[in-house]
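Subject: Structure handover

Hi,

Here is the structure for your files. My notes on a cavity and a strand follow below it.

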Amino acid sequence: MTAINSLQNFVTSALDCTRFRLIREDADFEEEAAAFHPEMAHQIFGEQENIFGYRDLQIDVCFAAGPLDIYFNIKYSKKVDDVNTEGIKADDVEKSLAALVEDGCYYTNLDEYKKVIKARSAAFKPFGTKVDEFEVNPGASARTFEVYVSDITDQEFLKFHSRLESFSFWFIDAFSRVEHDPLWLFFIVYEKYSNNNNEVRYATAGYFTVYQYYSYPEFIRPRISQILVLPPFQKLGIASRLIEHTTYNYFVTKKNVADITYEEPTDIVQHIRSVVDAKRKDMLAEAKEKFKINPKQCRVIYEILRLAVTDTKNDAEYRNYRLEVKKRLNLNYSKHRRELLRLQKRGVDVDGAFSILPSLEDRISQLNAEYKQEVESVYYQVLKKLQLVRD
(Lines give C-alpha, C1' and ligand atoms only; values in the text may rest on other atoms or scores of the structure.)
Protein backbone atom coordinates (compact mmCIF):
# COMPACT_ATOMS: atom_id res chain seq x y z
CA MET A 1 0.00 0.00 0.00
CA THR A 2 2.89 2.33 0.80
CA ALA A 3 4.35 1.73 -2.67
CA ILE A 4 1.02 2.65 -4.29
CA ASN A 5 0.77 5.81 -2.21
CA SER A 6 4.30 6.79 -3.18
CA LEU A 7 3.40 6.44 -6.87
CA GLN A 8 0.49 8.84 -6.38
CA ASN A 9 3.12 11.52 -5.88
CA PHE A 10 4.09 11.00 -9.52
CA VAL A 11 0.63 11.90 -10.89
CA THR A 12 0.19 15.43 -12.27
CA SER A 13 -2.83 17.20 -13.72
CA ALA A 14 -2.10 18.01 -17.37
CA LEU A 15 -4.29 21.10 -17.09
CA ASP A 16 -2.17 22.48 -14.26
CA CYS A 17 1.31 21.70 -15.57
CA THR A 18 0.85 22.66 -19.23
CA ARG A 19 1.36 26.26 -20.32
CA PHE A 20 1.26 27.87 -23.74
CA ARG A 21 3.10 30.96 -24.93
CA LEU A 22 2.82 32.98 -28.14
CA ILE A 23 6.30 34.40 -28.69
CA ARG A 24 6.68 37.89 -30.14
CA GLU A 25 9.83 38.95 -28.30
CA ASP A 26 12.46 37.03 -26.28
CA ALA A 27 10.94 38.41 -23.08
CA ASP A 28 7.79 36.34 -23.73
CA PHE A 29 9.72 33.15 -22.84
CA GLU A 30 9.89 34.33 -19.21
CA GLU A 31 6.92 36.69 -18.85
CA GLU A 32 4.37 34.93 -16.61
CA ALA A 33 1.52 37.11 -17.87
CA ALA A 34 2.13 35.79 -21.40
CA ALA A 35 1.42 32.16 -20.41
CA PHE A 36 -2.00 30.51 -20.56
CA HIS A 37 -3.32 27.04 -19.71
CA PRO A 38 -5.42 24.63 -21.80
CA GLU A 39 -9.13 24.11 -21.12
CA MET A 40 -8.96 20.34 -21.65
CA ALA A 41 -6.35 17.63 -22.14
CA HIS A 42 -8.31 14.37 -22.49
CA GLN A 43 -7.65 14.23 -26.24
CA ILE A 44 -3.90 14.20 -25.56
CA PHE A 45 -3.40 12.51 -22.18
CA GLY A 46 -6.55 10.45 -21.65
CA GLU A 47 -9.96 10.79 -20.03
CA GLN A 48 -8.70 11.74 -16.55
CA GLU A 49 -6.33 14.37 -17.97
CA ASN A 50 -3.45 13.17 -15.79
CA ILE A 51 0.22 12.51 -16.58
CA PHE A 52 1.99 9.73 -14.70
CA GLY A 53 5.64 9.41 -13.86
CA TYR A 54 6.98 12.82 -12.84
CA ARG A 55 7.36 15.10 -9.85
CA ASP A 56 7.15 18.87 -10.27
CA LEU A 57 6.31 18.42 -13.95
CA GLN A 58 6.12 21.57 -16.06
CA ILE A 59 5.37 21.59 -19.79
CA ASP A 60 5.89 24.76 -21.81
CA VAL A 61 4.58 24.73 -25.38
CA CYS A 62 5.75 27.80 -27.26
CA PHE A 63 4.50 29.01 -30.64
CA ALA A 64 6.09 31.78 -32.70
CA ALA A 65 3.30 34.38 -32.65
CA GLY A 66 3.02 34.63 -36.43
CA PRO A 67 4.26 31.48 -38.21
CA LEU A 68 3.51 29.26 -35.17
CA ASP A 69 6.75 27.27 -35.19
CA ILE A 70 6.66 25.06 -32.08
CA TYR A 71 9.03 24.53 -29.15
CA PHE A 72 8.53 21.98 -26.35
CA ASN A 73 10.20 22.36 -22.97
CA ILE A 74 9.51 19.53 -20.50
CA LYS A 75 10.95 19.91 -16.97
CA TYR A 76 10.63 17.85 -13.76
CA SER A 77 12.55 17.20 -10.54
CA LYS A 78 12.25 13.39 -10.59
CA LYS A 79 11.04 10.71 -12.98
CA VAL A 80 9.42 7.47 -11.85
CA ASP A 81 11.94 5.47 -13.89
CA ASP A 82 14.57 6.64 -11.42
CA VAL A 83 13.05 4.72 -8.50
CA ASN A 84 12.11 1.10 -7.90
CA THR A 85 8.71 0.76 -9.57
CA GLU A 86 8.82 -2.86 -10.73
CA GLY A 87 8.76 -1.96 -14.40
CA ILE A 88 6.15 0.82 -14.32
CA LYS A 89 7.18 3.46 -16.82
CA ALA A 90 6.43 7.16 -17.00
CA ASP A 91 4.11 8.50 -19.69
CA ASP A 92 6.02 9.64 -22.78
CA VAL A 93 5.07 13.33 -22.68
CA GLU A 94 7.06 14.40 -25.73
CA LYS A 95 5.57 11.58 -27.81
CA SER A 96 2.03 12.67 -26.85
CA LEU A 97 2.78 16.28 -27.76
CA ALA A 98 4.57 15.36 -30.98
CA ALA A 99 1.51 13.39 -32.12
CA LEU A 100 -0.26 16.75 -32.53
CA VAL A 101 2.40 18.02 -34.95
CA GLU A 102 1.45 16.50 -38.29
CA ASP A 103 4.68 17.25 -40.14
CA GLY A 104 6.80 16.20 -37.15
CA CYS A 105 8.60 19.55 -37.12
CA TYR A 106 9.13 21.00 -33.65
CA TYR A 107 12.08 22.16 -31.57
CA THR A 108 13.47 21.15 -28.18
CA ASN A 109 16.67 23.22 -28.34
CA LEU A 110 15.87 26.77 -27.21
CA ASP A 111 18.87 28.50 -28.81
CA GLU A 112 18.14 26.89 -32.17
CA TYR A 113 14.45 27.76 -31.86
CA LYS A 114 15.19 31.44 -31.13
CA LYS A 115 17.37 31.73 -34.22
CA VAL A 116 14.74 30.09 -36.43
CA ILE A 117 11.78 32.16 -35.28
CA LYS A 118 13.70 35.43 -35.42
CA ALA A 119 14.10 35.02 -39.18
CA ARG A 120 10.72 33.39 -39.84
CA SER A 121 8.75 35.92 -37.80
CA ALA A 122 10.37 38.82 -39.65
CA ALA A 123 9.48 37.28 -43.03
CA PHE A 124 6.00 36.05 -42.06
CA LYS A 125 3.00 37.45 -43.93
CA PRO A 126 -0.64 36.29 -43.79
CA PHE A 127 -1.68 33.58 -46.21
CA GLY A 128 -4.47 34.04 -48.74
CA THR A 129 -6.72 36.98 -49.59
CA LYS A 130 -7.72 39.68 -47.11
CA VAL A 131 -11.49 39.78 -46.58
CA ASP A 132 -11.86 41.91 -43.45
CA GLU A 133 -10.05 44.44 -41.28
CA PHE A 134 -11.18 45.94 -37.98
CA GLU A 135 -10.00 47.65 -34.81
CA VAL A 136 -10.70 46.90 -31.17
CA ASN A 137 -10.25 49.42 -28.35
CA PRO A 138 -10.45 52.43 -30.70
CA GLY A 139 -8.21 55.31 -29.67
CA ALA A 140 -4.64 55.45 -28.45
CA SER A 141 -4.64 51.76 -27.48
CA ALA A 142 -6.34 50.56 -30.68
CA ARG A 143 -5.40 47.12 -31.98
CA THR A 144 -5.74 46.20 -35.66
CA PHE A 145 -6.90 42.80 -36.87
CA GLU A 146 -7.10 41.40 -40.38
CA VAL A 147 -8.89 38.30 -41.67
CA TYR A 148 -7.61 36.31 -44.65
CA VAL A 149 -9.23 33.38 -46.48
CA SER A 150 -7.24 30.45 -47.91
CA ASP A 151 -7.92 27.02 -49.39
CA ILE A 152 -6.06 23.72 -49.77
CA THR A 153 -4.21 24.73 -52.95
CA ASP A 154 -1.44 26.38 -50.91
CA GLN A 155 0.74 23.64 -49.41
CA GLU A 156 2.68 26.03 -47.18
CA PHE A 157 -0.59 27.30 -45.79
CA LEU A 158 -1.70 23.74 -44.97
CA LYS A 159 1.47 23.21 -42.91
CA PHE A 160 0.82 26.47 -41.07
CA HIS A 161 -2.85 25.61 -40.51
CA SER A 162 -1.92 22.21 -39.12
CA ARG A 163 0.12 23.95 -36.41
CA LEU A 164 -2.72 26.35 -35.67
CA GLU A 165 -5.23 23.49 -35.64
CA SER A 166 -3.22 21.69 -32.94
CA PHE A 167 -4.50 24.26 -30.44
CA SER A 168 -8.01 22.95 -31.00
CA PHE A 169 -7.26 19.62 -29.29
CA TRP A 170 -6.76 21.62 -26.09
CA PHE A 171 -9.76 23.97 -26.49
CA ILE A 172 -12.49 22.26 -28.60
CA ASP A 173 -14.17 19.12 -27.27
CA ALA A 174 -14.41 16.10 -29.62
CA PHE A 175 -12.15 17.89 -32.09
CA SER A 176 -10.95 16.21 -35.28
CA ARG A 177 -8.83 17.67 -38.07
CA VAL A 178 -10.52 18.67 -41.30
CA GLU A 179 -9.84 16.58 -44.37
CA HIS A 180 -8.08 18.23 -47.32
CA ASP A 181 -11.16 18.76 -49.43
CA PRO A 182 -11.35 21.58 -52.03
CA LEU A 183 -14.72 22.63 -50.61
CA TRP A 184 -13.12 23.79 -47.34
CA LEU A 185 -12.35 27.48 -46.79
CA PHE A 186 -10.05 28.62 -43.99
CA PHE A 187 -10.46 32.08 -42.44
CA ILE A 188 -7.47 33.12 -40.31
CA VAL A 189 -7.44 36.13 -37.98
CA TYR A 190 -4.14 38.00 -37.51
CA GLU A 191 -3.23 40.96 -35.33
CA LYS A 192 -1.16 43.53 -37.21
CA TYR A 193 1.26 45.23 -34.80
CA SER A 194 4.64 46.97 -34.59
CA ASN A 195 7.49 45.39 -32.64
CA ASN A 196 10.02 47.19 -30.43
CA ASN A 197 11.91 48.33 -33.54
CA ASN A 198 8.71 49.74 -35.05
CA GLU A 199 8.66 46.99 -37.69
CA VAL A 200 5.28 45.63 -38.85
CA ARG A 201 4.60 42.09 -37.69
CA TYR A 202 1.63 39.71 -37.70
CA ALA A 203 0.44 37.52 -34.80
CA THR A 204 -2.00 34.68 -35.38
CA ALA A 205 -5.12 35.21 -33.25
CA GLY A 206 -7.57 32.48 -34.31
CA TYR A 207 -9.43 30.85 -37.14
CA PHE A 208 -12.68 29.41 -38.40
CA THR A 209 -13.38 26.89 -41.14
CA VAL A 210 -16.27 26.71 -43.58
CA TYR A 211 -17.39 23.75 -45.66
CA GLN A 212 -19.33 24.61 -48.80
CA TYR A 213 -22.07 21.99 -49.00
CA TYR A 214 -23.99 21.43 -52.20
CA SER A 215 -27.62 22.57 -52.10
CA TYR A 216 -30.02 21.46 -54.81
CA PRO A 217 -30.24 22.47 -57.59
CA GLU A 218 -27.30 24.86 -58.05
CA PHE A 219 -26.54 26.40 -54.69
CA ILE A 220 -24.08 25.96 -51.83
CA ARG A 221 -24.86 26.01 -48.14
CA PRO A 222 -21.69 27.13 -46.28
CA ARG A 223 -21.37 25.48 -42.88
CA ILE A 224 -19.13 26.98 -40.20
CA SER A 225 -17.45 23.97 -38.66
CA GLN A 226 -14.89 25.26 -36.16
CA ILE A 227 -14.26 28.61 -34.50
CA LEU A 228 -11.30 29.18 -32.18
CA VAL A 229 -9.99 32.47 -30.85
CA LEU A 230 -6.78 31.90 -28.90
CA PRO A 231 -7.03 32.82 -25.19
CA PRO A 232 -4.79 35.95 -25.33
CA PHE A 233 -7.21 37.41 -27.89
CA GLN A 234 -10.48 36.44 -26.24
CA LYS A 235 -12.98 38.96 -24.81
CA LEU A 236 -12.07 41.46 -27.52
CA GLY A 237 -15.21 40.87 -29.58
CA ILE A 238 -13.35 38.95 -32.29
CA ALA A 239 -15.71 35.95 -32.38
CA SER A 240 -18.72 38.27 -32.59
CA ARG A 241 -17.08 40.11 -35.48
CA LEU A 242 -16.38 36.87 -37.33
CA ILE A 243 -19.93 35.61 -36.95
CA GLU A 244 -21.80 38.88 -37.43
CA HIS A 245 -19.70 40.62 -40.04
CA THR A 246 -16.89 38.64 -41.69
CA THR A 247 -18.82 35.48 -42.53
CA TYR A 248 -22.01 37.25 -43.53
CA ASN A 249 -20.31 39.85 -45.75
CA TYR A 250 -18.14 37.26 -47.46
CA PHE A 251 -21.04 35.03 -48.52
CA VAL A 252 -24.01 37.41 -48.84
CA THR A 253 -22.84 38.81 -52.17
CA LYS A 254 -22.53 35.35 -53.72
CA LYS A 255 -25.70 34.56 -55.65
CA ASN A 256 -25.28 30.79 -55.30
CA VAL A 257 -25.39 30.79 -51.47
CA ALA A 258 -28.61 29.39 -50.00
CA ASP A 259 -27.87 30.14 -46.33
CA ILE A 260 -25.15 29.82 -43.69
CA THR A 261 -25.29 27.04 -41.08
CA TYR A 262 -23.25 25.97 -38.05
CA GLU A 263 -22.04 22.52 -37.05
CA GLU A 264 -22.95 21.85 -33.40
CA PRO A 265 -21.74 25.21 -32.07
CA THR A 266 -20.17 25.38 -28.62
CA ASP A 267 -22.16 27.09 -25.87
CA ILE A 268 -20.15 30.29 -26.32
CA VAL A 269 -20.50 30.34 -30.10
CA GLN A 270 -24.20 29.53 -29.82
CA HIS A 271 -24.63 32.44 -27.42
CA ILE A 272 -22.83 34.84 -29.79
CA ARG A 273 -24.82 33.53 -32.70
CA SER A 274 -28.09 34.03 -30.80
CA VAL A 275 -27.18 37.64 -30.07
CA VAL A 276 -26.28 38.23 -33.73
CA ASP A 277 -29.47 36.52 -34.91
CA ALA A 278 -31.54 38.65 -32.54
CA LYS A 279 -30.09 41.76 -34.16
CA ARG A 280 -31.25 40.40 -37.51
CA LYS A 281 -34.66 39.18 -36.37
CA ASP A 282 -36.53 40.57 -39.40
CA MET A 283 -34.10 38.97 -41.83
CA LEU A 284 -34.23 35.74 -39.83
CA ALA A 285 -38.01 35.53 -39.98
CA GLU A 286 -37.82 35.63 -43.76
CA ALA A 287 -34.97 33.08 -43.84
CA LYS A 288 -36.81 30.73 -41.47
CA GLU A 289 -39.81 30.80 -43.71
CA LYS A 290 -37.73 29.89 -46.76
CA PHE A 291 -35.14 27.47 -45.31
CA LYS A 292 -36.24 24.79 -42.84
CA ILE A 293 -32.86 23.40 -41.81
CA ASN A 294 -30.96 23.87 -38.54
CA PRO A 295 -27.32 23.21 -37.58
CA LYS A 296 -28.00 19.88 -35.85
CA GLN A 297 -29.87 18.59 -38.89
CA CYS A 298 -27.03 19.83 -41.10
CA ARG A 299 -24.61 17.59 -39.17
CA VAL A 300 -26.94 14.62 -39.60
CA ILE A 301 -27.10 15.24 -43.35
CA TYR A 302 -23.29 15.32 -43.49
CA GLU A 303 -23.11 11.95 -41.70
CA ILE A 304 -25.69 10.41 -44.04
CA LEU A 305 -23.85 11.59 -47.16
CA ARG A 306 -20.50 10.52 -45.76
CA LEU A 307 -21.92 7.05 -45.08
CA ALA A 308 -22.94 6.93 -48.76
CA VAL A 309 -19.30 7.27 -49.84
CA THR A 310 -17.75 5.22 -47.01
CA ASP A 311 -16.45 1.80 -48.04
CA THR A 312 -17.87 -0.35 -45.23
CA LYS A 313 -15.79 -3.29 -46.49
CA ASN A 314 -12.64 -1.31 -45.72
CA ASP A 315 -12.13 -1.88 -41.97
CA ALA A 316 -10.10 1.29 -41.34
CA GLU A 317 -12.38 3.59 -43.35
CA TYR A 318 -15.55 2.16 -41.81
CA ARG A 319 -14.10 2.35 -38.30
CA ASN A 320 -13.11 6.01 -38.75
CA TYR A 321 -16.65 6.82 -39.84
CA ARG A 322 -18.23 5.03 -36.86
CA LEU A 323 -15.86 6.73 -34.42
CA GLU A 324 -16.68 10.20 -35.76
CA VAL A 325 -20.43 9.58 -35.41
CA LYS A 326 -20.00 8.09 -31.92
CA LYS A 327 -17.99 11.15 -30.85
CA ARG A 328 -21.05 13.27 -31.55
CA LEU A 329 -23.38 10.81 -29.82
CA ASN A 330 -21.11 10.71 -26.78
CA LEU A 331 -20.41 14.44 -26.50
CA ASN A 332 -22.72 15.20 -23.57
CA TYR A 333 -21.70 12.08 -21.60
CA SER A 334 -17.96 12.82 -21.99
CA LYS A 335 -18.39 16.46 -21.04
CA HIS A 336 -20.46 15.59 -17.94
CA ARG A 337 -17.97 12.94 -16.81
CA ARG A 338 -14.99 15.31 -17.15
CA GLU A 339 -16.81 18.00 -15.20
CA LEU A 340 -17.46 15.53 -12.37
CA LEU A 341 -13.81 14.43 -12.36
CA ARG A 342 -12.65 18.05 -12.13
CA LEU A 343 -15.05 18.72 -9.24
CA GLN A 344 -13.80 15.56 -7.51
CA LYS A 345 -10.20 16.80 -7.79
CA ARG A 346 -11.27 19.99 -6.01
CA GLY A 347 -12.69 17.97 -3.11
CA VAL A 348 -16.38 18.16 -4.07
CA ASP A 349 -18.45 15.08 -3.16
CA VAL A 350 -19.72 13.77 -6.50
CA ASP A 351 -20.33 10.12 -5.52
CA GLY A 352 -24.08 10.54 -5.97
CA ALA A 353 -23.69 11.96 -9.46
CA PHE A 354 -21.26 9.21 -10.44
CA SER A 355 -23.59 6.49 -9.15
CA ILE A 356 -26.25 7.34 -11.76
CA LEU A 357 -23.71 7.73 -14.56
CA PRO A 358 -23.15 4.62 -16.71
CA SER A 359 -19.71 3.05 -16.37
CA LEU A 360 -17.36 3.45 -19.32
CA GLU A 361 -17.97 -0.19 -20.28
CA ASP A 362 -21.75 0.26 -20.15
CA ARG A 363 -21.53 3.50 -22.10
CA ILE A 364 -19.53 1.82 -24.86
CA SER A 365 -22.20 -0.87 -25.12
CA GLN A 366 -24.92 1.80 -25.22
CA LEU A 367 -23.08 3.68 -27.98
CA ASN A 368 -22.64 0.56 -30.08
CA ALA A 369 -26.35 -0.25 -29.79
CA GLU A 370 -27.40 3.36 -30.41
CA TYR A 371 -25.20 3.60 -33.48
CA LYS A 372 -26.46 0.36 -35.04
CA GLN A 373 -30.16 0.65 -34.18
CA GLU A 374 -30.82 4.38 -34.20
CA VAL A 375 -28.20 5.83 -36.56
CA GLU A 376 -26.83 3.55 -39.25
CA SER A 377 -30.08 1.69 -39.91
CA VAL A 378 -31.99 4.99 -40.22
CA TYR A 379 -29.28 6.52 -42.42
CA TYR A 380 -29.45 3.54 -44.78
CA GLN A 381 -33.21 3.97 -45.06
CA VAL A 382 -32.66 7.58 -46.13
CA LEU A 383 -29.90 6.64 -48.58
CA LYS A 384 -32.11 3.94 -50.08
CA LYS A 385 -34.86 6.47 -50.76
CA LEU A 386 -32.26 8.79 -52.29
CA GLN A 387 -30.92 5.86 -54.33
CA LEU A 388 -27.45 6.47 -52.86
CA VAL A 389 -26.86 3.09 -51.21
CA ARG A 390 -23.35 1.88 -51.97
CA ASP A 391 -22.97 -1.66 -53.36
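A search of the whole structure, which is a predicted model, turns up 1 cavity of 30 Å³ or more. A cavity here is a set of points on a 1 Å grid over the protein atoms alone where a 1.4 Å probe fits but cannot get out. The volume is the space filled by probe spheres set on the points, joined across faces, edges and corners. The largest cavity holds about 70 Å³.

Its lining (residues with an atom within 4 Å of a point) includes Phe20, Val61, Phe63, Ile70, Phe72 and Trp170. Strand 5 and strand 6 (70–75) are the elements that give two or more residues. Strands are DSSP E runs of at least two residues, numbered from the N terminus. Domain 1 (1–121) and domain 2 (125–264) both contribute to the lining, so the cavity lies between them. The domain bounds come from an automatic or database assignment.

Now strand 2 (residues 18–23). All 6 of its 6 residues are buried, so the strand is largely enclosed by the rest of the structure. Buried means under 20% relative accessible area (1.4 Å probe, protein chains only). Thr18, Phe20 and Leu22 point one way; Arg19, Arg21 and Ile23 point the other. Strand 2 pairs with strand 5 (residues 58–64) in the parallel sense, over 6 bridges. Pairing takes at least two DSSP bridges. Phe20 stands opposite Val61, and both line the largest cavity.

Residues are numbered from 1 along each chain as its sequence is written, and side-chain values use heavy atoms, without hydrogens or water. Local features need pLDDT of at least 70 and side-chain atom pairs pLDDT 80 or more, while totals for chains, interfaces and linings use all residues.

Best wishes

Key
Buried < 20%, exposed > 50% of the residue type's maximum accessible area, 1.4 Å probe, protein only. Helix = DSSP H or I, 4+ residues; strand = E, 2+ residues; numbered from the N terminus. 1 Å grid on protein atoms, 1.4 Å probe; cavity = no way out; pocket = protein on both sides within 12 Å on 5 of 7 lines; lining within 4 Å.
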